[in-house]
Each structure stands twice: as structure tokens, then as C-alpha cells.
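Open your viewer and let us walk through this model together.

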Amino acid sequence: MPITGVYFIPSNPNASTGLATITERLHTALADEPTLVGRWFLEHRLMRDTPSCVPASASQRQVQPRYMQFLSLSFHSNHGFIYTSEALEKSTHHHTATSVNPTPAGSPTNTSPQNGAPGATAPTPSTPSNAAAPSGGPMVMTTVPLPSCNALFQHFGYACQPFWCHRHTVTVPGGVVYDVGDFRVRVGDVRQTQPAARVRGTVVEIEWRGPCIVDSISAPRNPSDGQLADDDDSGIDMAFPDAIEDADIDAEYAASAALIREFWARLGIEGAREAILLPDVGKEAKDRLRRLKQKGRHTVSDEANLQQTDEDPDPDAGVDVARQFMEIFRFNR
């Protein structure tokens, strides 16, 4: 579960994007020479609830719009992401992300992206004035198998059309991935395909790949001794996470965000919107740490064996960066 930040540089429909400038700065403004390591793509679809046709009275409080977002990422191909506004009757509660996986025959199923389990919400540090500001109230993250994600979008687009309106679809059809020192950088042009084809701008995702407690919590486990696999490169002793607390995770997110912002500042790109340290970022890492502590040494190996046979070995993979992309792409609401 790497720590990431996402930046979006908007562009006018008839103007060139910032892709060429960013690529040139990666090669000239940094001490480490970037190494091309591959390609990537994404697709994001935004839906919004349909406003009521009944005029609001003067005494009624204006109702916040509700959103449902569907995202697929090529570098997290086991599942799609659904991000939806919390149900109105639950708006006073905080929710944790849930994972929806295929359910054995005879078991009850619930794939609604509006359901979640109660949990704690991390505080939101201050962000620059051009940062992407969370809107529309609390959101709930759900991951589902990728075919189910597409089926759910079709369901809401047709069967629930009176209640939900498809606002737009954007894609990054041909992004490029670079390794630059301890960072992995994904950059690509964002193209809107619906309702009208146009270029929206350029998106940059910066992933910190240096020593990271959060990433070590998600490291493969050694079934022979029930311990977390040691990361020789990180220098972090992760034999068992008893010594790690939620405050340590919060501190690591803050420190990594500072490194990502410093990296971005060296590129000298102005006018970008930033999505980093959003509400609920790091929630799944804390939940995983809590489960590991509750299970103890003697059952960690059992969990590892179950994960190896699961169709989706890590259903929480990518939830943090998915939140960031979805916050950036909730434009033209």
C-alpha cells in the first residue's frame, strides 16, 4: 500500500497539455535520471444524484449533492473501485472502506457501494489553496471484482436512471511510468470521452517507494514462522507489528507527503490541483494493523494461506490512490 500524491494540470480544449513540459522537467530538473519502466491507463466514470423536481422551501436546508464514482487502474487490475457519498441517514457516522468479493453459493450477498462499516476517520492536514477540496460530504470506498464494477455501472446507468445521472467519463489511454530515485511517477493526458470528446489536462501520480512502515505492513508473510517478511531494502524490522501504533502511520503519511511535495516543487509546474492526505487516506493500513495485532503470531500464517488462495489477494490495494484520482476527477459536477 504505497503512499502517493496526485496532481492535475488542467488545459483548455484547444490548447496543448502540460505533458511535454512535465516530461522535459523530469529529465532536466531532477538529480536522478528517470528510467522508463512501462505504460499505464485508467478509466473514471462520475455519476451524480438527480436533483429533486420539487422546489425547496425557504425553511429547508440545501441538500448536498451525492456522487458515485467508478475507477479502474491498470496497475491494480484485480478489482475496480467504487466511491460513493454516504447515505443521508448515516451522514453523522464515519465509515471504513469495505471489500466486496465473490460470495460462496448459499451465502447472502451485498454489493451495494453505499454500505460500509463504522470506523475512525483520520484528521485532514492543511493543504495549499490549489488543493482538491473534498466535496459532497463523507464518502465510502468499496472495491469489487472488475467485471462486477462494470456491471454495477450499467445497472445504475439504466435501471436507476431517474435517480442517478452519468456526468462524464474520462480516461488516461496511454500513460507513461518512470522510476526516478525513490519515486515512481505516472504521467498521462486525461481525455474526456463522454458526453463530448475533449482533452481535460494532464495527471501526475507520484509514489514514494523508499523505506515505509505502511508498505511493510502489507508485505508478504512467511507461512513457516507466522512472521511478516522482512524488507531488506527498508531497514525496518517488521517481525511483528506490536510496536506500531496509528500515530506512527499518521506520521509516516505526513512525512512521505512532504517528500512528494518537495519532489513536485522541483519540477516547477504551476497551476496544478493537488490530492494528497485526503480524509480516510491510510484507513485501510490502520485496519490491517489492527487485524494483525488481534490475530497474533499464531494465526498470521493462516491469514497468509487464505490470501494466497483468494482470487484477489489484496482487496485493499490501491484504495488510497483511487481516492486521490477520484477527488481530482470530480470536476464539472
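Which residues does Leu42 touch, not counting residues up to four places away in sequence? Select Leu42 and look around: it touches Leu71, Ser72, Leu73, Val170, Thr171, Val172, Phe325 and Phe329, where contact means heavy atoms within 4.5 Å.

Before going on, a word on what you see. This is a predicted model, in which local features need pLDDT of at least 70 and side-chain atom pairs count only at pLDDT 80 or more, while totals for chains, interfaces and linings use all residues. Residues are numbered from 1 along each chain as its sequence is written, and side-chain values use heavy atoms, with hydrogens and water left out.

**Stop one: the strand around Leu42.** Select residues 35–49, strand β2, where Leu42 has its place. Helices (H or I, at least four residues) and strands (E, at least two) are DSSP runs, numbered from the N terminus. Leu42 counts as buried because its relative accessibility is 2%; buried means under 20% relative accessible area, with a 1.4 Å probe and protein chains only.

**Stop two: the whole chain.** Zoom out to find seven helices and 14 strands. Of the 333 residues, 47% count as buried. Among contacts with a separation of 6 or more, 77% join residues 24 or more positions apart.

**Stop three: the cavity.** Select Ile3, Thr4, Tyr253, Ile276, Leu277, Val281, Asp320 and Gln324, which line the largest cavity. On a 1 Å grid over the protein atoms alone, a cavity is a set of points where a 1.4 Å probe fits but cannot get out, and lining residues have an atom within 4 Å of a point. Its volume, the space filled by probe spheres set on the points, is about 30 Å³. Strand β1 and helix α7 (319–328) each supply at least two lining residues.

**Stop four: confidence.** Colour by pLDDT, the predictor's confidence in each residue, from 0 to 100. The chain mean is 76, and 69% of residues reach 70 or more. Where pLDDT is low, the predicted coordinates should not be read in detail.

Note on methods
On a 1 Å grid over the protein atoms alone, a cavity is a set of points where a 1.4 Å probe fits but cannot get out, and a pocket is an open set with protein on both sides within 12 Å along at least five of seven lines; lining residues have an atom within 4 Å of a point. Buried means under 20% relative accessible area, exposed over 50%, partly exposed in between (1.4 Å probe, protein chains only).
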